[in-house]
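Please read it alongside the sequence and coordinates shown below.

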Amino acid sequence: MIIYHLFEMIKKRTMKYCFIIFLLIFRMTASSFSQDASNSRIDTLLPVRGFCIAAPQTGNIDKFTKFIREELAQRKVNTLILRIDFNYKYKSHPELSDSVALSETDVKKLVKACRENSIRIIPQVNLLGHQSWAGNIGNLLRIYPEFDETPLVKMPVKYVWPNPDGLYCKSYCPLHPLVHDIVFEIVDEICDVFETDAFHAGMDEVFYIGEEECPRCSGRDPAELFAGEVRTIHDHLALKRRRLWIWGDRLIDGKTTGLGEWEASFNNTYRAVDMIPKDVIICDWHYERPDQTPVYFAMKGLSVVTCPWRMPGNAVLQLNDMVRFRDHSTPEMKERFLGMVQTVWSGAGQFLDSYYGRKKDEGTNTDVNCFIALYGEIQKLNGSE
Ligand SMILES: [Zn+2]
């Protein structure tokens, strides 16, 4: 009799444990299913949900990875464009690195935080343009002045805009026979260390191109020079199955559209839009108005993301436009409207200070408010589907 009771007790307990295990498995499966369904819904709504910022300085890596894990991941950001330039200790070209720069260990922390949260990292090194800033020459042309498209334009002691030289930023000469040997080594190295299949080459606001004083470029068509450089970079990346991303401003006619010489081109590069490979991804930035330019790029066969900066109202309009373009286009066009990328033009440390309220209130139109508004609206659209 005692043995019988003992046996019954074990049977009951076993059944109870089985039931608990069954419940646990069911709940885990259901939760993972609902997570998958939610991700697939938002991926259909907006395949690219991006954030673009200067890479943090080495002392801010831990703060920034916390931001990735807690803020970007929570908002389902899936693309992080990190502007690196010379903020990395390049082994292939240590002479080009900033005096304080990220180590491989720093980068691997970023890679880990992103991988764990299904965020794709796209490193950026400015190619062609942006080789100087205000009165300071960038590392590439400081170390290799022979690549300068305008060696006769000297850096001013006190930079002002406008100036007689039309100096905004220096460019390298895209036809210099040795320039790509150097820059592609750092491009390959930065892509390798970030373990990525995509690279952002910048290429915005190129004011110096096809200059008369350049023995290689004078008399050439700026659109062909620009497109040629895009293709050269594209083809190099393609060798390792990597995708090229660039800013879109040089591909828009600034005069006809009224978009001006910054967010569009006054120097005849815009016809390059018909000459570049169709699998280059265009980051179309407009900060003052919600321009409808994504349609232009998509109709040219190019995939496009819209990039707001600091005006929350415009960012929300641009997001709704992007969703509408995807909803009301042919299947061919729809797949080219990729999504939204919030851009931040201050340093990462400064952005984090503002985000976490360590800096005084800077008003409504800030990158922090724009980021919060954009992703709040994305969550709303995703939830209301
Ligand atoms: Zn040149």
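In this predicted model, the second largest pocket holds about 190 Å³ of space. Ten residues line the second largest pocket, and those closest to its centre are N39, R49, K76, N117 and S118. The largest pocket has a volume of about 950 Å³, and 32 residues line it.

**Second largest pocket**
- Helix 1 (residues 2-45) gives the largest share of the lining of the second largest pocket, namely three residues.
- By class, the lining of the second largest pocket comprises five polar, three charged and two nonpolar residues.

**Largest pocket**
- The lining residues closest to the centre of the largest pocket are R83, D85, N126, H130 and W133.
- At least two residues of this lining come from each of strand 3 (120-127), strand 4 (132-133), strand 5 (136-137) and helix 11 (348-355).
- The lining of the largest pocket divides into 14 polar, 13 nonpolar and five charged residues.

**Barrel and packed helices**
- Eight strands form a closed barrel in the order 1-2-3-6-7-8-9-10, and their pairing is parallel.
- On average, neighbouring strands of this sheet are turned by 25 degrees against each other, with direction ignored.
- Five bridges join strand 1 (residues 48-54) to strand 2 (residues 79-83) in the parallel sense.
- Within this pairing, F51 stands opposite L80 of strand 2.
- Helix 2 (residues 61-72) lies across strand 1 and strand 2, and its direction makes an angle of about 155 degrees with strand 2.
- Helix 12 (residues 367-383) also packs on the sheet, where it touches strand 1 and strand 10 (337-343).
- The direction of helix 12 makes about 150 degrees with that of strand 10.

**Aromatic pairs**
- The model contains 26 aromatic pairs, counted with ring centres within 6.5 Å.
- One of these pairs is formed by F51 and F67, whose ring centres are 5.7 Å apart and whose planes stand at 50 degrees.

**Backbone geometry**
- The peptide bond between W161 and P162 is cis, with omega at about 0 degrees.
- P162 is placed in the loop between helix 4 (139-143) and helix 5 (179-193).
- R241 is not a glycine, yet it has a positive phi of about 55 degrees.
- R241 is found in the loop between helix 6 (222-238) and strand 7 (243-247).

Conventions
Residues are numbered from 1 along each chain as its sequence is written. This is a predicted model: local features need pLDDT of at least 70, side-chain atom pairs count only at pLDDT 80 or more; totals for chains, interfaces and linings use all residues. Side-chain values use heavy atoms; hydrogens and water are left out. On a 1 Å grid over the protein atoms alone, a cavity is a set of points where a 1.4 Å probe fits but cannot get out, and a pocket is an open set with protein on both sides within 12 Å along at least five of seven lines; lining residues have an atom within 4 Å of a point. Grid points are joined across faces, edges and corners, and a volume is the space filled by probe spheres set on the points. Helices (H or I, at least four residues) and strands (E, at least two) are DSSP runs, numbered from the N terminus. Ala, Val, Leu, Ile, Met, Phe, Trp, Tyr, Cys and Pro count as nonpolar, Asp, Glu, Lys and Arg as charged, and the others, Gly among them, as polar. Two strands pair if DSSP finds at least two bridges between them. Axes are lines fitted to C-alpha atoms, for helices over the stretch in contact, and angles run from 0 to 180 degrees between N-to-C directions. Contact means heavy atoms within 4.5 Å. Rings of Phe, Tyr and Trp (its six-membered ring) pair if their centres lie within 6.5 Å; planes under 30 degrees apart count as stacked, over 60 as edge-to-face and the rest as tilted.
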